[in-house]
4 protein chains.
Amino acid sequence: MDFSVPTEIQEMLAKVRQFLHDDVYPLEAQFINGRFADLVSALEEKRARVREMKLWAPQVPAEFGGVGLAFMEHAMLSEELGRTPLGHYVFNCQAPDAGNMEILAEFGTPEQQERFLKPLAAGKIRSCFAMTEPDCAGSNPVWMNTTAVKEGDEYVINGHKWFSSAADGAAFAVAMVVTDPDAEPHRRASQIIVPTDTPGYQFVRNIPVMGHAGDGWPSHSELRFENLRVPAENLLGEQGAGFAIAQARLGPGRIHHCMRWIGICERAFDCMCQRAAERDLAPGDKLGTRQSVQNWIAESRAEINAARLMVLQAAWKIDNEGAKAAREEISVIKFFAADVMMKVVDRAIQVHGALGVSDDTILQYFYRFERGARIYDGPDEVHKSVIARRALKGYGVAGT
Amino acid sequence: MDFSVPTEIQEMLAKVRQFLHDDVYPLEAQFINGRFADLVSALEEKRARVREMKLWAPQVPAEFGGVGLAFMEHAMLSEELGRTPLGHYVFNCQAPDAGNMEILAEFGTPEQQERFLKPLAAGKIRSCFAMTEPDCAGSNPVWMNTTAVKEGDEYVINGHKWFSSAADGAAFAVAMVVTDPDAEPHRRASQIIVPTDTPGYQFVRNIPVMGHAGDGWPSHSELRFENLRVPAENLLGEQGAGFAIAQARLGPGRIHHCMRWIGICERAFDCMCQRAAERDLAPGDKLGTRQSVQNWIAESRAEINAARLMVLQAAWKIDNEGAKAAREEISVIKFFAADVMMKVVDRAIQVHGALGVSDDTILQYFYRFERGARIYDGPDEVHKSVIARRALKGYGVAGT
Amino acid sequence: MDFSVPTEIQEMLAKVRQFLHDDVYPLEAQFINGRFADLVSALEEKRARVREMKLWAPQVPAEFGGVGLAFMEHAMLSEELGRTPLGHYVFNCQAPDAGNMEILAEFGTPEQQERFLKPLAAGKIRSCFAMTEPDCAGSNPVWMNTTAVKEGDEYVINGHKWFSSAADGAAFAVAMVVTDPDAEPHRRASQIIVPTDTPGYQFVRNIPVMGHAGDGWPSHSELRFENLRVPAENLLGEQGAGFAIAQARLGPGRIHHCMRWIGICERAFDCMCQRAAERDLAPGDKLGTRQSVQNWIAESRAEINAARLMVLQAAWKIDNEGAKAAREEISVIKFFAADVMMKVVDRAIQVHGALGVSDDTILQYFYRFERGARIYDGPDEVHKSVIARRALKGYGVAGT
Amino acid sequence: MDFSVPTEIQEMLAKVRQFLHDDVYPLEAQFINGRFADLVSALEEKRARVREMKLWAPQVPAEFGGVGLAFMEHAMLSEELGRTPLGHYVFNCQAPDAGNMEILAEFGTPEQQERFLKPLAAGKIRSCFAMTEPDCAGSNPVWMNTTAVKEGDEYVINGHKWFSSAADGAAFAVAMVVTDPDAEPHRRASQIIVPTDTPGYQFVRNIPVMGHAGDGWPSHSELRFENLRVPAENLLGEQGAGFAIAQARLGPGRIHHCMRWIGICERAFDCMCQRAAERDLAPGDKLGTRQSVQNWIAESRAEINAARLMVLQAAWKIDNEGAKAAREEISVIKFFAADVMMKVVDRAIQVHGALGVSDDTILQYFYRFERGARIYDGPDEVHKSVIARRALKGYGVAGT
């Protein structure tokens, strides 16, 4: 076992942290309270800086215009980027585009890669992933009502999606649709690329979440497909492979999410310690001398360390044995890291007192917009069930 | 011991619940996402209905224009009103006006009551309470920098306040100010009524909280007093009695807050059960059959019942033995009920999945704007310390 | 609502507390580390004192030799008695005899009352309740393998029981047996009185629990019934009424258990505060000044108060509306109070440091032998499910 | 980063696991309920087997008769051994002897090593460590009342110790004594080797813990030193270095403790899954299908993985940067792993129902005798404070 991080990676991470601190943190206040559209040009400047730093699209293979970082390296980078809600965007590895780039790189045809992946990797367009439906529980990944019926060399799509993040302004959606309703459950769905200017594509609204509808990239939209027709060549991978591609997308994607959450934890931990170190309870009597505050700091440190090590171990296992072998580890970190994040953020708020619920710190942003982490990509309960059922199989229990 | 609630009170509560459900819940969506100013006229109509129901200003003595409900009765009413963020406002017993009415009724001169209390009780004006300061920890109630120096028959006030709830649009503030800096700590401050049109009164901003600055009643403002002069007759009660009056205000006030929180718990519990009963995980397979969901429902039921009984017992003790005798009970419910509320709301969100973080339910509003409950009126930690020190006194420990 | 306790009850409780403190606490060390058999004569002296105090068999109707306390009064007494593991025994209202006395008083024939109830109430004999079986989950109360087949005017009983508390030395067992295997599940079992000297009654062993097999009253036995024959008149109540009688026994019985647990909580709370008040961390630096300790004291105070109020409210509801109406409340307190007890005991141990795990305090006894509280009479999980399913019924869900 | 474990280590661990399962688990029942003295000869046979396996005294350098495993290797072995309370004893790396061997190897003179270390490493004698005192809080490591006054070439020792584990039958004690009362706090104490047959050495009692006084190795004794004289050459290391040596002993020692706890976690996890997989709630309806049970399994898996990774990372850091550099990590694992262990054991008990509190499984042993883990070697609260103060130093706070 070796827990060391190569020096050049450490240096890269330190450089990124400094850049974010100096160049990106100052944009946060505007991001939180303003319209994203008004921030785009400022962000483009920062993106230019990232290109200069040779860190643009860090996870994208070089052939498609990225850096091609190794999986573990990108995991570590993702933590740094997670310290600010703008980090991944500025480096062009933000959800949901990052996941779409991954599946296009892995499953896309050369034509699809040329038309959709390259401009995405170049940051010229954005995309979304249309999977969740209001009428079908998201925790049941094989249940959906949106259908794509093949007519000639076209698919005709009808359905209702929501929580399609970043659909507002996206050039195309990757849509999960049922193409084979009579196949076994995990072979019913396919993924189809749907340009958002296709007739029948209806943008209903940006769903207000935690008090904000958002706009542009930071938004979650409701969509309808009404007799929407796309050419059959827009099918991603094979027909019926939708679920398998989604799994391929989600496994490593959860590593990036989790590392992003670790970054959030560290930012919140930082805020908590800073406040504890500076705030007086009475003149000269520091908040940080209080044992309750010390307990929160210590428990947060332990839990963050635990979460990070587990995520890195899962990443290492994916790298060495593949995502399937790491299935249990991936489920573990999904619920564990999300829980740690929410606890650390909550403690940091409490240490700040009234300031902590105000928009004068970043904490309330995490408190509001990261609450979804315990829900999206499988709620805690689903992942716990996955882990338990796999554990029990080792004891001779089938089908629990 | 007798846990029964008189039939006429039960009927009053049922009537209020129905009225809120039919008339006030429909205004919530606009309240959450719009400007308060745009809602005022609709709310005035509802307030007129409350006057017709003879429940206007329920806690205010009849001589000042209210109903004069007994303390326990108002506690129970407060739970019902708490089910919607607009409940207390529509009945004119909202914070911070309710507390101001209480102290004006108890400590105000006839002139102060005529000028400030009566229009407040009539709902013609609003008020605020200016206590918390950005530079002094709110958890230390005897530490503040705002001063009032007596010059002739005037007080000259200088200082910096924030989180003065509802200051935006208030006709007057009750300000906590240091008048006797050399007295023993609990005798240093006084409360002075400050009309907001007094020269030197500066409204700095509505502090954005959890993503919203708010406006009008639902807001939390930053204020500055610069050489602000008010006549000495604006002193509320005696000079040096500021802390004592604040305690008199906060003790029973915490009962109302806590009962309001119980109302929030019941609303969230309602939402949680409704969703569990209706939502399918697969066609015909209800969410409510899942043991995790059942555990949350059961734990919430237990904790809400526990919190309610403790608040009512504290209210009963205040009624029978006075607020001082109930000091421990008041501290207990302050931290216990706030914690229960946040847990129940969080579980209800989780049961709703993505819908739970959206503004399509009221849950996210509670999640965001009630987080402060663990902070204002003394953070959890302060109340726990109060309880422990009082308990330890019984074992012969002085001054811990 | 009225939370007051009548003065005469308060005085009775104070007298009992003093008696236990002075006369019974000193026997605890011997109880914990020695054989019960060696303690019996000392306990008989204390029992004589209780008879003199006119508090013998407090819950038993006067016609059978007891005090006939009202239900709420006995609930309050049960808390006091719970402060020591010997309390209930000394007053002759210990489990399982107390429950057996209750069902014999309610369902027994005059002959059964004469032969079994009166000597039990007089403290001349002891009894046990044989329900749980090693091969059938105790959490499923309608599943058991022990059968009683009627042959002529006898029942022939065969089966295997365990965790029959206090069977060692009992004069008779009340046995739950299946008499009607083809009836609907809740009508299959009956309760039959089995004198322990009946041929076919096999005492297998006292099951070692948490390191001790125990003996006499404090023990949990494994039993076998092999072709054991008892006269049909030993049937308690009607044939097929076993489950209904068990419910009648358990409902109020849970109140007594829960109040006993509250007594344990108060004793542990007492120990915790005493230690915090006396123990130095450094010369003159009291443990009780530490915020972590203060948090535990405050959280314990809150949770104990909450548990007590809920138990008393449940008791009041049973008294006023019957056990069936209070079903939800009974399930709530069963899991809530057990959880509080274990948390308070655990905190008290932590405050004591090494002393806390030693037998030099009573805490380790509670830690060990009350852990079962979350398991017996329905594990936490069963009660939570009961509550949730009843709550969901209100939302139109049948059969969840 | 590399999370792989070398194949030969994996094989060694698998061999040990099998050996323990086949040869040592069967002795547990006798260990739990009987006298240790009666088990010694059976254990000696197993120890002979371990010698044959060439794994005797695995952590002891070869020059003193051990295997000389690398630190990380021994950490991993310690997990395997921890699965049974007899594991470390059978391999001769049990506390407190293992720690004494370490400090004798590092700080002992050749004469001390010859006389005390070699027979210890050979398993011919046992030893104890006398540090904790009843009148001085163990959480304050620089406060003790036992003194050693140098007279000529002897130390005269007076004092009162307790919780000296394994003192019963030990050939010598390593005693922490104050030799330099006027030095700065961390330089006041020294460690002195005290043969237990020295006049003035009084064995008071084995302190009953969780219901058992124990005997021989599994015991915790109270000792008194009355004018006990030992030659000055029995001083271990330098005079005044007692605290430093204790730290040197505790740092790596905590790794072994923590890995032992992980072993306990895995054993309990195993029991939990086994029971969930086998136990019917109704015929054919497995306990493991219940979501509550699945949640416990999943949460336990996550927490155990987290704890193990953190302990291994701390071990790696000690190996690479020294114990001082790993101070924070050591404190983190001390409280985190102990907490995880108690939670996992508690869940495993709950899954077993009544069986779980009985001595028919090993779980109750862990529940009782590992509760001390949150207390000994620094209670949770002390370690949390250490972590927090170190964290806050990074934010410019001195001396908090």
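This note goes through a predicted model point by point, from chain contacts down to single residues.

1. Chains B and C. The contact between these two chains takes in 40 residues of chain B and 40 residues of chain C. On chain B, at least two residues each come from helix H8 (242–278), helix H9 (291–321), helix H10 (327–352) and helix H13 (380–393). H9(B) supplies the largest share of that side, 15 residues. Sorted by class, the side of chain B that touches chain C holds 23 nonpolar, 12 polar and five charged residues.

2. Two copies of a chain are related by a rotation about an axis and a shift along it.

3. Chains D and A. In this contact, 39 residues come from chain D and 40 residues from chain A. Helix H8 (242–278), helix H9 (291–321), helix H10 (327–352) and helix H13 (380–393) of chain D each give at least two residues to the side that touches chain A. H9(D) gives the most to that side of chain D, with 15 residues. The residues on the side of chain D that touches chain A are 23 nonpolar, 11 polar and five charged.

4. A residue in the B and C contact. B:Ala302 sits in helix H9 of chain B. Is B:Ala302 buried or exposed? A residue counts as buried if 20 or more other C-beta atoms lie within 10 Å of its own; B:Ala302 has 27 C-beta neighbours inside 10 Å, so B:Ala302 is buried. Leaving out residues up to four places away in sequence, B:Ala302 touches C:Val332 and C:Phe336. The C-alpha atoms of B:Ala302 and B:Asp2 are 20 Å apart, and the two residues are 300 residues apart along the chain.

5. Nonpolar cores. The largest nonpolar core has 269 residues, and B:Val311 and C:Val311 have the most contacts inside it. Its largest share, 16 residues, comes from H9(B). Not counting residues up to four places away in sequence, B:Val311 touches B:Ala75, B:Ile255, B:Cys258, B:Met259, B:Ile262, B:Ile333 and B:Ala337. Another core, of 264 residues, lies apart from the largest one, and includes A:Met12, A:Ala167, A:Tyr367 and D:Ala241.

6. Domains of chain A. Chain A is split into domain 1 (7–94), domain 2 (127–239) and domain 3 (243–393). The C-alpha centres of domain 1 and domain 2 of chain A are 28 Å apart. Between these two domains, five residues of domain 1 are in contact with five residues of domain 2. On the domain 1 side, three of the residues are nonpolar, one is polar and one is charged.

7. Backbone points to check. Most residues other than glycine have a negative phi, and most peptide bonds are trans. The peptide bond from A:Ala95 to A:Pro96 is cis, with omega near 0°. A:Pro96 is in the loop between helix H5 (87–90) and helix H6 (97–107) of chain A. In chain B, a cis peptide bond joins B:Ala95 and B:Pro96, with omega about 0°, and B:Pro96 lies in the loop between helix H5 (87–90) and helix H6 (97–107) of chain B.

8. Positive phi in chain A. Although A:Met210 is not a glycine, its phi is positive, about 50°. A:Met210 lies in the loop between strand E6 (201–206) and strand E7 (220–231) of chain A. A:Met210 is buried, because 22 other C-beta atoms lie within 10 Å. A:Asp377, also not a glycine, has a positive phi of about 55°. The loop between helix H12 (363–369) and helix H13 (380–393) of chain A holds A:Asp377. A:Asp377 has 21 C-beta neighbours inside 10 Å and therefore counts as buried.

9. A helix in chain C. Helix H3 (residues 40–52) of chain C has 13 residues, so at 1.5 Å a residue it should span 18 Å. The end C-alpha atoms of H3(C) are 18 Å apart, which agrees. After H3(C) comes C:Lys54, with a positive phi near 65°.

Key
Residues numbered from 1 in each chain as written. Chains lettered and ligands numbered in written order. Predicted model: local features only at pLDDT ≥ 70, side-chain atom pairs only at ≥ 80, totals over all residues. Contact = placed C-beta atoms within 7 Å. Helix = DSSP H or I, 4+ residues; strand = E, 2+ residues; numbered from the N terminus. Nonpolar A, V, L, I, M, F, W, Y, C, P; charged D, E, K, R; others polar. Expected span 1.5 Å × (residues − 1). Core = buried A, V, L, I, M, F, W, Y, C linked by C-beta atoms within 7 Å. Buried ≥ 20, exposed ≤ 12 C-beta atoms within 10 Å, placed from the backbone. Domains from an automatic or database assignment.
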